[in-house]
Amino acid sequence: MIQAVTTDQIQVKMFGGFSLSSEGITIDDRGSRQRQLWNLLEYLIASRRKTVSQEELISVLWPDDSAENPSSALKNLVYRARNLLKEKGFSFAKESIVMIGGTYAWNKNLDCVVDVEEFEQLIQKAGDQTLPEEERIALYLESLKLYEGDFLPSSGYEEWVISLNSYYRSMYFKCVYDAIDLLMKKERFDEIRSICERAIIIDPFEERAHKYLIYSLIKQDKQAAALEHYNRVTDLFYRELGVKPSESMRNLYREIVKAVNSVETDLGVIKEDLSEHSMIDGAFYCDYEVFRNMYRMEARTAVCSGQSIFIALFTVTDHTNQVPETKILGKVMDVLLQSVQKSLRKGDVVSRFSSTQYVLMLPTLTFENGQMVLSRILKKFSAAYHGKDIKVHTTLQPLDPIG
C-alpha cells in the first residue's frame, strides 16, 4: 500500500542536469561519485507514472550483469537513496521510494512538478489549432524556457537516457519551428532571433535554426550581423562536419546582399564601408560566392588587358587518398589556410571550395612562377604541420577568358 505523504511541493529538473528541490532544500547530481544512486532516483522519477519491476531496475542499473547478487544490491541502493534524502533534510525521505510486491516506484502521493512533464503538456496544449495564435505562441515560448539543455546530461551514457534525450531533443526542435512558424506570421523577428540563438547553443549544427536566425537579422535590417553569422556558420560546417553550405543557405547569402536598400550619398561613408579593416597581410580570404563573382569579373577583363591569371587548387587527403578524419581535417585546413595566406600577396584571393579544398586566384604570374608559389606554400605547410598521415595535392591552370 502506498502511504499518503504531506509535504511541500517537490520541484524536479531533468533538462540541463538533475536537481530536486523542496522545503527550502536543493540537491543535484553535479560532481557526485554515487552514480548508481542518482541513476536509481532519476529512473524512478522519470518513470513515476508506473511501477517498475525488480528485473527492469536491475537491467537498467547493471546492464552488464556486473552485480553478484543484483536483488540484494538493489535493496541496498534503495536504502542508500532514501538515506541520502534523509541526510539532506527532506521530510518525505522515508516514504520517497515504495515497494509493492516485486516492484518499486517513486511515491505517487508526493506532490511533484517535473520539468519534462510540464514541457510535454505545454507543447501538447500549444499544438491545439483551435486556440488563438497568440495563446499558442505564449504556450510554445513557455515550453521553450523549460528546455535548459539535454535530458540528464550527467547520466548521458546510460542507455535509457540516450533514447529519452533523443526523444526530448526532437520534441524541442519541433517546438522551436512550430513557434517560429507562428511568429513569422506576426513578423516578430526579434523573438525568432532569440529563439534561434538559444537553439543553436543546444545544437550548433542545426542548420535550419541558423537559417532562421540569419533571416530574422535580415528582416531587422541587420545585414552586417547576418553576414557575420553566415560566415561563422559556413566556417563551422566546413571545419567540424566537412560539408559545404546547402543551396538554401547560399540563397540567404544572396538575400543579405539584396537586402541592402538604404541610399548613402556620402562617398566617404561608402569608402569606409568598402575598406578592409583587417590588418592581416597576405591573400584575401573570402566566401566562395564572392570568389566566384571575382573570378567572373577577372575573366571578363582578361581578354582586354591581356593579363595572365592562374587558378590553383589545393586538395587534402590522407595517405590512402581518401578524405581525412573530421577531427584531423579541421586542424589541417586551418594550418593550410595560414600557409597560403602567408605565402601570397594582398592581390591574391583564396576561398574554400569544399571540406578538403582551397581554390586560389593568382594574377600576373607565369605558369612557372605559379608552380614556384605552390611549392613555397607546400614547404611552409610542411614546416607547420608535422603529421605524416596527410597529403596535399595541387593543380594549376590558367583562367579561361570570357569573350
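The legends below describe close-up views of a predicted model.

The model is predicted, so local features need pLDDT of at least 70, side-chain atom pairs count only at pLDDT 80 or more, and totals for chains, interfaces and linings use all residues. Residues are numbered from 1 along each chain as its sequence is written, and side-chain values use heavy atoms, with hydrogens and water left out.

View 1. Helices (H or I, at least four residues) and strands (E, at least two) are DSSP runs, numbered from the N terminus. Of the 403 residues, 43% are buried. Buried means under 20% relative accessible area, with a 1.4 Å probe and protein chains only. Contact means heavy atoms within 4.5 Å. Among contacts with a separation of 6 or more, 67% join residues 24 or more positions apart.

**View 2. Asparagine 39 sits in helix α1, residues 35-46.** Asparagine 39 is buried, and its relative accessible area is 0%. Beyond its neighbours within four places in sequence, asparagine 39 touches Val60, Leu61, Glu158 and Trp160.

**View 3. Helix α2 (residues 54-61) has buried residues.** They are Gln54, Leu57, Ile58, Val60 and Leu61. Seen down the axis of α2, these residues fall within an arc of 160 degrees, so they line one face of the helix. The arc is that of the directions from the helix axis to the C-beta atoms. The cover over them includes α1, β4 (52-53), α3 (70-88), β6 (103-106) and α6 (159-186).

**View 4. Helix α6 meets helix α7, residues 189-202.** Their axes come within 10 Å and cross at roughly 165 degrees. Axes are lines fitted to C-alpha atoms, for helices over the stretch in contact, and angles run from 0 to 180 degrees between N-to-C directions. α6 and α7 are therefore roughly antiparallel, a term for angles over 145 degrees. The residues of their contact divide into 13 nonpolar, no polar and 3 charged. Here Ala, Val, Leu, Ile, Met, Phe, Trp, Tyr, Cys and Pro count as nonpolar, Asp, Glu, Lys and Arg as charged, and the others, Gly among them, as polar. On the α6 side, the residues include Arg169, Tyr172 and Phe173. On the α7 side, they include Phe189, Glu191 and Ile192.

**View 5. Serine 339 belongs to helix α13, residues 326-343.** Serine 339 counts as buried, at 2% relative accessibility. Leaving aside neighbours within four places in sequence, serine 339 is in contact with Ile377, Lys380 and Phe381.

Terms used:
Buried < 20%, exposed > 50% of the residue type's maximum accessible area, 1.4 Å probe, protein only. Parallel < 35°, antiparallel > 145°, perpendicular 65-115°, else oblique.
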